[in-house]
Amino acid sequence: MASNLVIIGTQWGDEGKGKIVDLLAEYADLVVRFQGGNNAGHTMVVDGEQFISHLVPSGILQQKTCLIGNGMVVDPAVLIEEIDYLIGKGIDVTPENLMISEKAQVIMPWHKTIDHGREKKQGKDRIGTTGRGIGPAYEDKASRKGIRFAEMIDPAVFAERVRTVLEEKNFFIEHYLKETPVDPDAVIREYSGYAERLKAHVTNISVIIDDGIKAGKQILFEGAQGTHLDIDHGTYPFVTSSNTVSGNACAGAGIGPKAIDNVFGIVKAYTTRVGQGPFPSELFDAVGEAIQKKGAEFGATTGRKRRCGWLDTVLLRNAVRLNGLTGLVITKLDVLGGLDTLKICTAYEYNGERIEHFPGDLKVLAGCKPVYESLPGWSEDISGIRSKEELPKNAKDYLARMEELLEVPVRIISVGPGRKETIVLENPLA
Ligand code: GDP
Ligand code: IMO
Ligand code: MG
């Protein structure tokens with residue numbers, strides 16, 4: 001029986017989704033991204049070589065059919081750059097194995113101008129976006145001012161859309177943001193080249209997925225960002241502009257919810273966050289620094305240092321519920337080796353009261369103090385271990401406590417960045 005699996009991030013992104021999607025893609029026929037854009041940076045390490053993908057689904061190294069869903073916002077220049085990079089590495093990327101939804105939104109130059117301009121204007125109140133134009137592109141989608149791939153590849157329609165939309169955008173850019181307005185003719189010229197290059201990839205991916213399901217193919221859905229960056233459920237307004245939760249795999253790819261069999265949540269063995277926003281279990285001491293260093297916690301998209309902290313199971317229980325998780329994938333467990341004591345946040349304290357559920361009100365969240373329990377650490381290097389039994393007892397206890405607190409079984413344990421540095425306990429696609 002074929003089985004379809006959604007992979008999502010449970011924390012604030014960068015949990016190791018790319019590595020796990022690359023690993024599981026071996027057992028899938030189609031790999032689909034359903035939201036986000038090149039704010040994502042998904043790292044795969046195969047035979048010591050590192051690939052970072054921003055737009056192309058992480059199934060490409062396994063040479064699976066990769067689909068860019070309607071829920072995505074796509075910068076065509078970045079996509080072409082990524083395709084050329086992969087081809088240069090000897091990886092086949094063709095209209096047969098990389099398809100783009102005709103309904104996916106196109107990131108336009110004004111989206112980037114507005115993203116940067118707003119962040120600059122907001123100063124200390126900025127979101128700390130990736131500056132890729134993601135928020136403004138989703139805003140335009142919702143306000144029906146967006147341009148989709150279907151329109152981009154039709155020269156007459158595209159030129160007219162650009163001129164109409166820019167009337168309003170340039171007014172805002174020039175008079176409110178005090179930035180340089182965008183020249184419509186230059187945009188039309190530039191994007192006609194992208195359209196020419198990409199049009200053979202543009203299709204109805206909902207039909208491709210449906211045909212695949214009918215033919216008994218297995219589909220792997222690759223989430224980007226993380227549950228707490230979700231536009232509805234995250235730490236609003238310090239979030240991205242799309243729904244990152246598993247439910248959006250359906251709307252963002254064009255399939256119904258019954259097509260999904262399993263949802264795996266990727267959990268980094270500690271917590272990280274890039275950009276601004278609340279982070280109750282954040283560490284500001286030498287332990288946090290040690291984790292940042294050992295985990296090489298730098299953003300794969302912007303190179304910014306990631307903020308680090310202890311595992312937070314209040315946050316994770318929120319992710320279990322919001323995504324309907326059927327399995328956990330624990331990544332970067334190797335990074336915790338060498339610490340005497342590990343802490344797990346099990347609840348928050350707010351105004352002397354114990355809070356079990358992740359608060360929706362940012363003011364409350366800002367006042368929450370983590371309640372920790374301590375577990376003994378391990379000193380061994382576990383990156384060479386390939387079975388759960390061989391893990392140090394304290395590492396096994398750490399995982400068991402996580403399962404107990406989250407009430408979801410651990411299915412995969414990652415002990416290094418490489419594809420092979422993994423302990424697979426249960427693979428729903430195999
Ligand atoms: P994504 O955005 O969720 O795909 O994650 P990123 O690629 O942005 O960040 C995860 C980082 O951790 C990358 O540099 C990976 O190569 C690395 N990584 C993934 N899993 C492991 C692991 O188990 N151990 C270690 N040490 N590194 C890992
Ligand atoms: P992956 O898929 C971590 C963060 C940004 C910022 C906020 C809004 O690699 O896990 P945006 O540019 O989306 O408007 O920025 O969201 N952010 C991410 N953080 N991993 C990501 O993706 C992210 N994508 C966006 O840092 O705080
Ligand atoms: Mg990332």
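**Close-up views of ligand 1**

**View 1. Backbone contacts of ligand 1.** A polar backbone atom of Gly41 and an oxygen atom of ligand 1 are 2.9 Å apart. In this predicted model, local features need pLDDT of at least 70 and side-chain atom pairs count only at pLDDT 80 or more, while totals for chains, interfaces and linings use all residues. Residues are numbered from 1 along each chain as its sequence is written, ligands are numbered from 1 in the order in which they are written, and side-chain values use heavy atoms, without hydrogens and water. A backbone N or O atom of Gly18 lies 2.8 Å from an oxygen atom of ligand 1. For Glu15, a backbone N or O atom is 3.1 Å from a ligand 1 oxygen atom.

**View 2. Cover of ligand 1 by the protein.** On its own, ligand 1 has 580 Å² of accessible area (Shrake-Rupley method, 1.4 Å probe). The protein covers 92% of this area.

**View 3. The shell around ligand 1.** Ligand 1 is surrounded by 19 residues (a heavy atom within 4 Å). The closest are Lys17, Gly18, Thr43, Asp334 and Ser414. By class, the shell holds eight polar, seven charged and four nonpolar residues, with Gly counted as polar.

**View 4. Elements and domains in the shell.** Helix H1 (17-24) and strand S3 (42-46) are the elements that give two or more residues to the shell around ligand 1 (DSSP runs; helices of at least four residues, strands of at least two). H1 supplies the largest share, three residues. Domain 1 (5-102 + 203-259) and domain 3 (267-424) each contribute at least three residues; the bounds come from an automatic or database domain assignment.

Key
Polar contact = N/O pair within 3.5 Å; in protein donor to acceptor, adjacent residues only side chain to side chain.
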